[in-house]
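Dear colleague,

Please find below the structure that I am handing over to you. My notes on it follow directly after.

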Amino acid sequence: MGNVLIASATEVAETVNVLTDQMGVVYALIGVALATLLAGIGSAIGVGMGGRAAAGVLSEKPELFAKVLILQLLPGTQGIYGLLVAFVALGKIGILGGTRPDAQTGLLYLAACLPIAVVGLMSAIHQGKTSVASIGLLGKNPKTFGKAMLLPAMVETYAILALLVSILTVAQL
Amino acid sequence: MSVVPMRKILIAGTAGEREALLKQLQQGRCFHLSESPAQAPGIPDVKESLSRAEKRAQLADNALKILGEYAPEDAGLFASLQGGQSLSAAGWEEKAAGLKRSAALAESILEKSKQIGEASARGARCDLLMESLAPWQGLDMPLDLTETARCRVLIGALPGIWSEETLRSLLSEAEPEGNYGLELLQGDKTQTPLVLICLKEKGPAIEEALRKKGFARPIISSDKTPEEAREDLAFEKASAVAEEEELKAAIRSLKKERENLQFLYDESLLEADRLRALSRTGEGRRSFFMSGYVPAARAESLKEELERNFTVQVELCEPEAGEDPPVLLKNNAFAAPTESVVESYGLPGSGEVDPTGIMAIFYYFLFGLMLSDAGYGLIMVIGCAIALKKFPKMSQGLKKTMTMFFWCGVSTTIWGFLFGGFFGDAVDVIAHTFFGVAPEVTVLKPLWFAPLDNPMRLLVFSFAFGVAHLFVGLGLKGYQLLKQGKVMDFISGVLAWYCLLIGLILMLLPSDIFTSIAGSPIALPGWLVSAGKILAIIGALGLLFFAAWDRKNMGLRLALGAYELYGVTSWLSDILSYSRLLALGLATGVIASVINAMAAMRGKSIFGIIIFILIFLLGHVLNMAINLLGAYVHTNRLQYVEFFGKFYDGGGEEYIPLTTDNTKYYHMEESNNG
């Protein structure tokens, strides 16, 4: 009876070890998925809002197409930043290269991905709203393109800061 | 890098010559008309002529659009780069003689287009009527027949599907004997068309029974049988179609007149410009007066020209102090393309220098650093160079933009090679995948270092570039202050900042925080650190006590000084803002590498090569487009917010000369006498 118990205790310990080892990559992948998902969703919402406003302006002033398109695309970068962090992480956690992390390192990857995931989501939505306003401004006064472009770009600063923290952490882990 | 000096010009002349004079000024392209301070009562016929000219431009534009619809111009992809056809001033006058004819032509095109619309509406109406006739085909009596000598004829349809039996049982109540003729025509799910003939006296009862079930007469009525009516409609439709075609052909035959219409449009625009200027001149009964600005270099020759050709009095004088002449920037070929960047922020106001020259250097530098891929850079360089060479007549604005991206491309290429980016890591991926080079070997080595291997290093350099950029901005502020003779402001607002910031940087460099960012400690000699401390203290005290040196109240002065000192936080955030240089540079490189990795996934085979080329092309086009956008936007931001924020307000009025260059299709050559 005692032997059986001891044997099963070691087995359990081994299983736990194996599990924690394998969980590392799972945690890291959750981080990767969040970075891609949230930042991507934010950008999709932002660019979508911009596109609807742009279509309205284009119906009246089709010659503004190129300028309006630039304004529409501005909130699209957060999705790319998320993708960027995701790819750098994938290259280090044994999916596209590197080695599989243990559980603790996996959680670190997850934490490292969070800034661009959350800030990407929120900033893209707000940048989209600013883009909509800028597209309206451009529609009323096509000469203000420089200023109209700058307003949404101000929002993006915070996505860039989050990207920096995420990517520097992922690269150094 | 400078603002072109302007001279004020006052012109007085006889009313009869004012239009000819404006024309000459327009061809001279250097006269900026200022709003006359005492607004003239206005020449009554000017407004009318102006609206006539504007309408004529609109007319020509509409006619061109219609012509373009029926006889499309075989314009290439690069039509917008081609630029207008050139005409000498004399050739312009000659062509202007045919304006009346062109205007009539434009009107006839508009009229024809209207007729096309009508004919097409007629055809559509025939279609609609024929459709509603369809259920009655096969009926051999006129649709509007209601009765004969003794009989009542009911032609119409019941909603829904009816068979003859159900119908007869419905009618058995009204006419139990069944003394009527009933014929059901081919119907569909929605209605059953039918013809019923009965004796006149039975008519009302039967009709009533049918009506209860929703019986309705045909929508279309005709004294002909449906067959004949359909033939008539088909004929009418055919004639409408023929008329439409004929009109379209007539418009198409006018396509060789396109040039004349384009000229009509351009000339109408120029005329409207002249009239708009005219409405802003002072006007007496026999004379007129206008004032404006001319670049100093052109002033004397313009005065001489005007006095030779017209009975006018021309006075030239220097703008008075407090008067802000319009601003025209003049820069060398390297910096001039970025003038539009300055313009869209705002032209230098009074007392400000033209920042274009210095900004251009940083503009190209920062743009290249953010895009930092030699492949993309070369595409920009080659693309812009070809476009500039092949289409020398493209508009000035476009030419400037192209030249700007050419220089940005050069910088991007240099940075790309420094960081080892050529379409990402394309050279290595191709060598490893298709040429069997061992994966450990790096083929294209960065001349400096690869950012992804050592991002912290590039971060530190980004901050360093930022500090340099901002220091130059502060220096420009100092230059402006000294130029205006404000020495005290220079010492308290610029010199003190330099002391404080340089001192702080010297103190920060050997600290632990900086070591952890840079990765390796930086050892500075002890005396330098102490000097830094002293500098920082001097700077801080200078700001505290002298930022508001002109205030008498000491308490207020110290409070304002403390507030100025608090501005150090904005310096910190400005410098941190340059971290985007690293982020955007990494974005280009990493995404490009991802594209290459995906492209090379199928390995070394024919199929693999095809896949590689496809993914490579598509991926890099997308990546280049999105990163070009990013680099452009964020370079502008760094210039506008961080750099200009240090010294530049930009409230100058734009120099807009009366010119013949606002045309769309034709270009008037500069004449020697004009």
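The expected span of a helix is 1.5 Å times one less than its number of residues; helices (H or I, at least four residues) and strands (E, at least two) are DSSP runs, numbered from the N terminus. Of the 20 residues of α22(B), 18 are buried, so that the helix is mostly covered. Here a residue is buried if 20 or more other C-beta atoms lie within 10 Å of its own, exposed if 12 or fewer, and partly exposed in between, with C-beta atoms placed from the backbone.

Please note that this is a predicted model, in which local features need pLDDT of at least 70 and side-chain atom pairs count only at pLDDT 80 or more, while totals for chains, interfaces and linings use all residues. Residues are numbered from 1 along each chain as its sequence is written, and chains are lettered from A and ligands numbered from 1 in the order in which they are written.

Chain A

Chain A has five helices and zero strands, in the order α-α-α-α-α from the N terminus. Its C-alpha trace spans about 85 × 30 × 20 Å along the principal axes. The radius of gyration of chain A, taken over C-alpha atoms, is 23 Å, whereas a compact globule of 173 residues would have one near 16 Å (the rule being 2.2 Å times the number of residues to the power 0.38). Of the 173 residues of chain A, 49% count as buried. Among contacts in chain A between residues at least 6 apart in sequence, 85% join residues at least 24 apart; two residues are in contact if their C-beta atoms, placed from the backbone, lie within 7 Å.

Interface of chains A and B

In the interface, 21 residues of chain A are in contact with 23 residues of chain B. On the chain A side, two or more residues each come from α2 (65–73), α3 (77–90) and α5 (145–172). The largest share, twelve residues, is given by α5(A).

Strands of chain B

Strand β2 of chain B (residues 6–14) runs antiparallel to β9(B) (residues 287–295), joined by nine bridges; two strands pair if DSSP finds at least two bridges between them. Within this pairing, Met6(B) has Pro295(B) as its bridge partner. Six bridges also join β2(B) to β10(B) (residues 312–317), again antiparallel, and there Gly13(B) is partnered by Val312(B).

With kind regards
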